[in-house]
Amino acid sequence: MATSKALPLLFLLGLLSLASSPTTAASEFDFFYLSLMWPGAYCSSSFWSKCCRPTTGKPALDFFVQALETYNSITDEPVTKCSTQCRFSVNALRDLIDDLYAYWTNVSCPSNNGRQQWERVWCTYGTCSGFNQTYYFQRALALRAKVDLLCILKNNGIVPSSTKSYTLEDIQNAFIPTLGFSTVVECNQKWWFGDYQLYKIHICVSSDAKSIISCPIQKSSNCGSKVKFLPFDPNALPISNLADLMIKMPAAIDIDV
Ligand SMILES: *[C@@H]1O[C@H](CO)[C@@H](O)[C@H](O)[C@H]1NC(C)=O
Ligand SMILES: *[C@@H]1O[C@H](CO)[C@@H](O)[C@H](O)[C@H]1NC(C)=O
């Protein structure tokens, strides 16, 4: 008697566990894009200088971390804002602070300490990662150091220059031996008609943030066939002053691609 009652129950439990087996739903995060930005292109995306020295000091001459973005591989859409009451604590980042000031800084004017940017990234993507705040920032910084884009480009003869252009193909091919099909190259332009400038590299990363993976969906680049890799000089960043505040007005019609 007892067993004949138990059987349908077991069957039902089996169905339930099948339904919740790990096929990704279209709304869940299952990989990251690590977005790295080249400040040389960011600072040259308008006719007036839009960059200032952060209040925390001179940043590194390197790619900056923008975010470790939580994505869904079915929709190829970001999964964002997973906590309605997002809590951000700078204190949780104290062991990483020097790296954050160097590689995850905000060079926008007016000069600022980057905190607002970190908080926005944490509340938008970090809260969807399943990581605690310290670990989220630590993994993003570690991945940036591991891929070392500047070094890969240099080894392939692609170095910052205000005059030289490189082909998009050469830039993409430079990454293939070390990163395979894990990168998406994004460009910006100074106004609509300017040269294409190497602006961001997006790198696909496993959901545990430990390894670089081939991108689940191949996104095409928005760059033209010729791309500039503009210089960036951290020493030349002005500390924001009255002059910056006075050019704030035209900055309102600034075009970000
Ligand atoms: C960078 O700092 C500027 C100036 O304080 C601010 O307007 C901007 O939103 C910041 N960028 C990000 C991504 O938070
Ligand atoms: C954050 O997560 C990491 C990795 O899971 C863990 O080692 C660490 O103890 C956690 N830290 C806190 C403050 O919970």
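User: Which residues does Gln117 touch, leaving aside those up to four places away in sequence?

Analyst: In this predicted model, Gln117 is found in helix H4. Its relative accessible area of 15% falls under the 20% limit, so Gln117 counts as buried. Beyond its sequence neighbours up to four places away, the residues that Gln117 touches are Val65, Gln66, Trp104, Thr105 and Asn106.

User: Which residues of helix H4 are buried?

Analyst: Helix H4 spans residues 115-124. An α-helix has 3.6 residues a turn, so residues three or four places apart point the same way. The buried residues of H4 are Gln117, Trp118, Val121, Trp122, Cys123 and Thr124.

User: Against which elements do the buried residues of H4 pack?

Analyst: Gln117 and Trp122 are among the buried residues of this helix. The partners of the buried residues of H4 comprise one strand and two helices. These elements are strand S2 (64-72), helix H3 (97-103) and helix H5 (133-147).

User: Which residues surround ligand 1?

Analyst: The space taken by ligand 1 is the largest pocket. Gln117, a residue of helix H4, is one of the residues around the ligand.

User: How far does a polar side-chain atom of Asn106 lie from an oxygen atom of ligand 1?

Analyst: The polar side-chain atom of Asn106 lies from an oxygen atom of ligand 1 at a distance of 2.4 Å.

User: Which peptide bond is cis, with omega near -5 degrees?

Analyst: Pro110 is placed in the loop between H3 and H4. The cis bond, with omega near -5 degrees, is the one from Cys109 to Pro110.

User: Is Asp76 buried or exposed?

Analyst: Asp76 is in the loop between S2 and strand S3 (77-78). Although Asp76 is not a glycine, its phi is positive, at about 55 degrees. Because its relative accessible area is 13%, under the 20% limit, Asp76 is buried.

User: What is the relative accessible area of Asp148?

Analyst: Asp148 is placed in the loop between H5 and helix H6 (149-155). Its phi is near 40 degrees, a positive value in a residue other than glycine. Asp148 is partly exposed, with a relative accessible area of 30%.

User: How far apart in space are Phe131 and Ala209, C-alpha to C-alpha?

Analyst: Phe131 is found in the loop between H4 and H5, and at 17% relative accessibility it counts as buried. Leaving out residues up to four places away in sequence, Phe131 touches Phe32, Trp122, Gly126, Tyr136, Arg139, Ser207, Asp208 and Ala209. Although Phe131 and Ala209 are 78 residues apart in sequence, their C-alpha to C-alpha distance is 9.7 Å.

User: What distance separates the C-alpha atoms of Ile171 and Val185?

Analyst: Ile171 lies in helix H7 (residues 168-179) and is buried, with a relative accessible area of 0%. Apart from residues up to four places away, Ile171 touches Leu153, Ile158, Tyr166, Val185 and Val227. Ile171 and Val185 are 14 residues apart along the chain, and their C-alpha atoms are separated by 8.4 Å.

User: The backbone oxygen of which residue lies 3.0 Å from a polar atom of the side chain of Gln189?

Analyst: Gln189 is in strand S5 (residues 183-189). With a relative accessible area of 11%, Gln189 is buried. The backbone oxygen lying 3.0 Å from a polar atom of its side chain belongs to Gly194.

User: What percentage of the residues of the chain count as buried?

Analyst: The secondary structure of the chain comes to 9 helices and 7 strands. The chain exposes about 13,700 Å², of which carbon and sulfur atoms supply 57%. Of its 257 residues, the share that count as buried is 45%.

Conventions: Residues numbered from 1 in each chain as written. Chains lettered and ligands numbered in written order. Predicted model: local features only at pLDDT ≥ 70, side-chain atom pairs only at ≥ 80, totals over all residues. Heavy atoms only, no water. Buried < 20%, exposed > 50% of the residue type's maximum accessible area, 1.4 Å probe, protein only. Helix = DSSP H or I, 4+ residues; strand = E, 2+ residues; numbered from the N terminus. Contact = heavy atoms within 4.5 Å. Near = heavy atom within 4 Å. Polar contact = N/O pair within 3.5 Å; in protein donor to acceptor, adjacent residues only side chain to side chain. 1 Å grid on protein atoms, 1.4 Å probe; cavity = no way out; pocket = protein on both sides within 12 Å on 5 of 7 lines; lining within 4 Å. Sits in = over half its atoms within 2 Å of the grid points. Areas by Shrake-Rupley, 256 points an atom, 1.4 Å probe, with all protein chains shown as cover.
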